[in-house]
Amino acid sequence: MPQPYRRRHGPKPDRRRALELLAASPDGCTEALMFANGFTAELLVELVRAGLASARAERMVADGKMMETARVKISEAGWQTLEDDPINEKAKST
């Protein structure tokens, strides 16, 4: 017999993992670093649209060439989402 559908509480695992990485980086992360950790552009856009993160363009020099990249930072709503996550509630109670 199939299992009944259970609604997932808290952020999706990839979303939560992305927020944790951003939370651990005071200056935020470049999009390249996020991609290197397995996150997709779609997920980053989802985080920004949901208000959980912000992104801003920045210029940098690499190999003598000027490049433009995006830096993603966790927002207050993102911090709140991590704090309200049931997984964190379990850790706090032990």
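**View 1. Crossing of helices H1 and H3 in the predicted model.** The axes of H1 and H3 (lines fitted to C-alpha atoms, for helices over the stretch in contact, with angles from 0 to 180 degrees between N-to-C directions) come within 11 Å and cross at roughly 75°. H1 and H3 are therefore roughly perpendicular to each other, where angles under 35 degrees count as roughly parallel, over 145 as roughly antiparallel, 65 to 115 as roughly perpendicular and the rest as oblique. Helices (H or I, at least four residues) and strands (E, at least two) are DSSP runs, numbered from the N terminus. Asp-14, Arg-15, Ala-18 and Leu-19 in H1 are in contact (heavy atoms within 4.5 Å) with Leu-43, Glu-46 and Leu-47 in H3. Sorted by class, this contact of H1 with H3 has four nonpolar, no polar and three charged residues; Ala, Val, Leu, Ile, Met, Phe, Trp, Tyr, Cys and Pro count as nonpolar, Asp, Glu, Lys and Arg as charged, and the others, Gly among them, as polar.

The model is a predicted one, in which local features need pLDDT of at least 70 and side-chain atom pairs count only at pLDDT 80 or more, while totals for chains, interfaces and linings use all residues. Residues are numbered from 1 along each chain as its sequence is written, and side-chain values use heavy atoms, with hydrogens and water left out.

View 2. Not counting residues up to four places away in sequence, Arg-15 touches Leu-43, Glu-46, Leu-47, Ala-50 and Leu-52. With the same exclusion, Leu-47 touches Arg-15, Ala-18, Leu-19, Leu-52 and Ala-53.

**View 3. Met-34 and the largest nonpolar core.** This core (buried Ala, Val, Leu, Ile, Met, Phe, Trp, Tyr and Cys residues joined through side-chain atoms within 4.5 Å) has 14 residues, and those with the most contacts inside it are Ala-18, Leu-19, Leu-22, Met-34 and Leu-47. Two or more residues each are given to this core by helix H1 (13-23), helix H3 (41-49) and strand E3 (65-74). Met-34 lies in helix H2 (residues 31-36) and, at 0% relative accessibility, counts as buried. Leaving aside neighbours within four places in sequence, Met-34 is in contact with Ala-18, Leu-21, Leu-22, Cys-29, Phe-39 and Leu-44. Met-34 and Ala-18 are 16 residues apart in sequence and 7.8 Å apart in space, C-alpha to C-alpha.

Technical notes. Buried means under 20% relative accessible area, exposed over 50%, partly exposed in between (1.4 Å probe, protein chains only).
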